[in-house]
Amino acid sequence: MGVREAVTRRSGADGSRALRSRWRTATMAAGWAFPADWPLAEVDDVCRAVLEEDEDAADAALYRLGAARAEAGAELGETLLDLAALHAVLAEPPGSTGIVSPSADAIPAPMLRSTALGWGEVMSTRASTCAAEDPLTGLATCAYLRTRLREVYGEARATGRREHVLVFVGLDLTRTSGWSRVVAMTLLADALKEVFDGGETVASIGSSVACVLLRRDRHLARAVGNLRVLTADRLAVDPHVAPTGPVEVWLEELPPTCEDALALIAGLGR
């Protein structure tokens, strides 16, 4: 159902307030983490625009809402969950007060595009001024990993000891597309950050591969095992990313030279 088809069922100031209330309730029930952050002026703009049956105004309002969510610190998954709640409420029969079931996969393309473009514009601007972190996953960028590798090799030359290793995690995304790929990498990032939270460099090096640069210690084997299990569990929760297949986790010793290490990272990230 598109925006125009849905909004013909709602009208007037009372309708705007009712829509806002139902939307908020649906978003909170779907798991919005910070209720105090939900109310924004852009929410009211979206409600008014969709009720006025003006698709251009609705697209513009959704774009501004996506940008506002990004400015407020909401991740893309949270933003689209909120959008899915709006769409689920709009799709309900007039006067309905029942529980809705938001689904990001059900969002009409125009709504999804406008909101995602607004969110992405803000995050792209941030990324240009903060290149150390991938805005989608929160992992370090490949550029930052390359910097850390140069530092590690410099330390090894100075001390005569090579203590670091690389852990790689790869997902088979050949049977997924679009939003499901983003969700899969976000879930992988969450698992990586949970297992490796002691100062290790955890980076995204490609669309389906991540890497951890860390010192070898007696806990390494257990951490790798935990990562393998936790990542599989996280991916299994969402049926839309289940086709990613088995998670591949493997350990690599640092190559003899930094140039070899950089080549390894570049090759696996393609």
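My entries start with the ground rules, then go through the helix pair and the threonine.

Ground rules: I am working on a predicted model, where local features need pLDDT of at least 70, side-chain atom pairs count only at pLDDT 80 or more, and totals for chains, interfaces and linings use all residues. Residues are numbered from 1 along each chain as its sequence is written, and side-chain values use heavy atoms, with hydrogens and water left out.

Entry 1, H4. I looked up H4 (a DSSP run of H or I, at least four residues, numbered from the N terminus), and found 17 residues reaching 24 Å from first C-alpha to last. At its start, a side-chain oxygen of Asp54 comes to within 3.1 Å of the backbone nitrogen of Asp56. After H4 comes Gly73, with a positive phi near 95 degrees.

I get an angle of about 145 degrees between H4 (residues 55–71) and H5 (residues 76–90), axes 10 Å apart; axes are lines fitted to C-alpha atoms over the stretch in contact, and angles run from 0 to 180 degrees between N-to-C directions. In contact (heavy atoms within 4.5 Å), I see Leu62, Leu65, Gly66 and Arg69 of H4 meeting Thr79, Asp82, Leu83 and Leu86 of H5.

I found Thr231 in H9 (residues 220–237). Thr231 is buried, at 0% relative accessible area; buried means under 20% with a 1.4 Å probe, protein chains only. The Thr231 side chain reaches the backbone oxygen of Leu227 at 2.8 Å. Not counting residues up to four places away in sequence, Thr231 touches Leu188, Ala191 and Val247.

Definitions and conventions. Helices (H or I, at least four residues) and strands (E, at least two) are DSSP runs, numbered from the N terminus. The expected span of a helix is 1.5 Å times one less than its number of residues. A polar contact is a pair of N or O atoms within 3.5 Å; within protein, one must be able to donate a hydrogen and the other to accept it, and residues adjacent in sequence count only if both atoms are side-chain atoms. Buried means under 20% relative accessible area, exposed over 50%, partly exposed in between (1.4 Å probe, protein chains only).
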